[in-house]
Amino acid sequence: MASASLCDLENGDVFNAIQVVKSTTSPAIGVSPDVRFRILRVFSANVQKVVFGSNLSVLLPVIPLAFVAQCYDFGRPWIFALSLVGLTPLAERVSFLTEQIAYFTGPTVGGLLNATCGNATELIIALFAIHQRKIHVLKYSLLGSIISNLLLVLGSSLFCGGIANKEQRFDRKQVDTNSLLLLLGLLCQTLPLLIRYGGMETAESASVLELSRASSIVLLLVYAAYLLFQLKTHSQVFNLQQEEGSNKEVTEEKAVIGFFSAFVWLVVMTVAIAVLSESVVGTIEVASETWGISVSFLSIILLPIVGNAAEHAGSVIFAFKNKLDLSLGVAMGSASQISTFLVPFCVIVAWIMGIPMNLDFGLLETGCLAFSILLTAITLQDGSSHYLKGLVLGLAYVIIGACFFVQDIPSGECSLHHLCFRFKIQF
């Protein structure tokens with residue numbers, strides 16, 4: 001039992017440690033002070049690894065400040081800023097916890113779980129946006145997440161990997177699969193736009209809405225087929241890439257916390273993300289008006305940077321270690337999952353709630369997405385990479401960010417105010 005207890009202490013799993021204590025302690029005797037100290041020490045080690053095990057832990061004090069700002073009504077711009085910053089360490093810790101769970105579920109399921117939970121922030125923000133009927137914020141945030149993964153996350157990975165390893169090569173099989181999914185998602189978003197500009201239809205017309213809902217069902221079916229492809233019929237392709245990207249050090253790595261502890265911490269982090277996401281969605285328009293920055297820039301640029309913090313860090317680290325296949329799987333896998341799952345899922349959820357959400361994201365937004373996918377596909381077409389390719393992708397993201405920064409779109413109840421201010425009309 002002593003060796004089992006030591007193993008539990010090394011894994012940092014409080015639940016298993018308590019079970020060992022119960023098995024070695026009689027109910028009539030109770031728990032000795034030494035045993036209580038041991039459990040406290042295990043719990044303390046657990047907190048140290050989960051809460052303070054990242055460089056982003058310096059941002060953790062912002063989270064309680066965000067809650068205090070909500071309780072005492074410091075002002076909506078402050079609530080938005082603190083909540084947005086507080087989401088960054090939480091998103092990174094969710095990625096860490098899913099990696100710990102992946103040690104117990106296997107590499108393929110773990111990788112899929114990591115990609116799914118990596119988009120947990122985007123999903124929670126999207127659900128709150130639907131609930132508050134802020135469909136424009138929802139569309140902007142999802143579109144921005146795709147562009148951010150393709151240009152910022154992938155560009156940073158290619159640039160850093162090229163600096164550290166000069167020229168890198170990768171297997172194009174997974175890249176081709178994700179590119180097909182992204183192009184199909186782009187097609188489903190382009191057709192409603194073409195219908196609106198090619199005829200007399202409006203963005204809220206029944207034909208555009210019906211086409212969007214039908215396309216969303218098709219995209220969900222494609223995503224289900226992709227899961228079958230990845231986990232069952234062609235799992236050897238993805239497993240081979242992960243085996244090639246692994247070395248002896250990686251194979252010897254073990255989970256630093258137990259499965260039960262990781263699951264509990266994951267639930268706690270998700271609840272905190274949900275609370276902060278509700279604050280971000282509820283205050284984004286007031287923050288836009290106060291700061292003089294368009295809602296499109298806040299939603300397309302700032303929100304995805306926070307939501308993709310986990311993917312960004314993990315992808316860059318993999319590229320530094322010359323594991324570009326894993327970096328591509330993280331960045332492009334997350335983008336394709338948003339395009340073929342999160343976007344149509346939100347359309348279906350809005351349909352169930354009686355909210356008319358369609359796949360018409362706007363001409364400028366859809367054009368930026370199309371060029372992002374095209375630029376990424378051209379960059380990865382030869383199966384090799386160097387720092388210049390990453391630099392081009394990153395600069396393309398800067399240009400798109402500048403485009404939405406100079407774009408001043410009035411939103412909500414403030415539209416008349418902005419128009420009057422621009423034309424200096426006073427009532």
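## A loop residue to start with

Lys166 sits in the loop that links helix H8 (135-165) to strand E1 (168-169). Its phi is positive, about 60°, although Lys166 is not a glycine. That is worth a look, because most residues other than glycine have a negative phi. Is Lys166 buried or exposed? With a relative accessible area of 68%, Lys166 is exposed, since the cut-off for that label is over 50%.

Asn322 also has a positive phi without being a glycine, with a value near 65°. You will find Asn322 in the loop between helix H15 (309-320) and helix H16 (324-352). Asn322 has a relative accessible area of 46%, so it counts as partly exposed.

## The model as a whole

Please keep in mind that this is a predicted model. The mean pLDDT of the protein is 78, and 77% of the residues score at least 70. Helix H17 (residues 363-379) has the highest confidence, at 94, while helix H19 (residues 415-423) has the lowest, at a mean of 40.

Two stretches call for some care. Over residues 20-29 the pLDDT stays under 50, and the model has eight contacts beyond four places in sequence for them. Residues 410-427 likewise stay under 50, with 12 contacts beyond four places in sequence. Where pLDDT is low, the predicted coordinates should not be read in detail.

## Overall build

The protein contains 19 helices and two strands. Of its 427 residues, 51% count as buried. Among contacts between residues at least 6 apart in sequence, 83% join residues at least 24 apart.

## Annotated transmembrane regions

An unreviewed UniProt entry carries the annotation "transmembrane region" for residues 140-160, 180-199, 211-229, 255-276, 291-310, 330-355, 361-380 and 387-407. How does the model draw these spans? Residues 211-229 are 100% helix and 0% strand, and their end C-alpha atoms are 27 Å apart. Residues 361-380 are 85% helix and 0% strand, with 26 Å between the end C-alpha atoms.

## Helix H9

What span should helix H9 (residues 172-198) have? At 1.5 Å a residue, its 27 residues should span 39 Å; the end C-alpha atoms are 36 Å apart in the model, which agrees. At the start of H9, a side-chain oxygen of Asp171 comes to within 3.2 Å of the backbone nitrogen of Lys173.

## Two buried residues

Leu60 belongs to the loop between helix H3 (33-50) and helix H4 (62-71). At a relative accessible area of 18%, Leu60 is buried, because the cut-off is under 20%. Which residues does Leu60 contact, leaving aside its neighbours within four places in sequence? They are Val51 and Pro89. The C-alpha atom of Leu60 is also 6.7 Å from that of Gly86, a residue 26 places away along the chain.

Ser315 lies in helix H15. It counts as buried, because its relative accessibility is 0%. Not counting residues up to four places away in sequence, Ser315 touches Val153, Ser157, Ser327, Val330 and Ala331.

Technical notes:
Residues numbered from 1 in each chain as written. Predicted model: local features only at pLDDT ≥ 70, side-chain atom pairs only at ≥ 80, totals over all residues. Heavy atoms only, no water. UniProt positions renumbered as here; feature names shortened; annotations may be inferred. Helix = DSSP H or I, 4+ residues; strand = E, 2+ residues; numbered from the N terminus. pLDDT = per-residue confidence, 0-100. Contact = heavy atoms within 4.5 Å. Expected span 1.5 Å × (residues − 1). Polar contact = N/O pair within 3.5 Å; in protein donor to acceptor, adjacent residues only side chain to side chain. Buried < 20%, exposed > 50% of the residue type's maximum accessible area, 1.4 Å probe, protein only.
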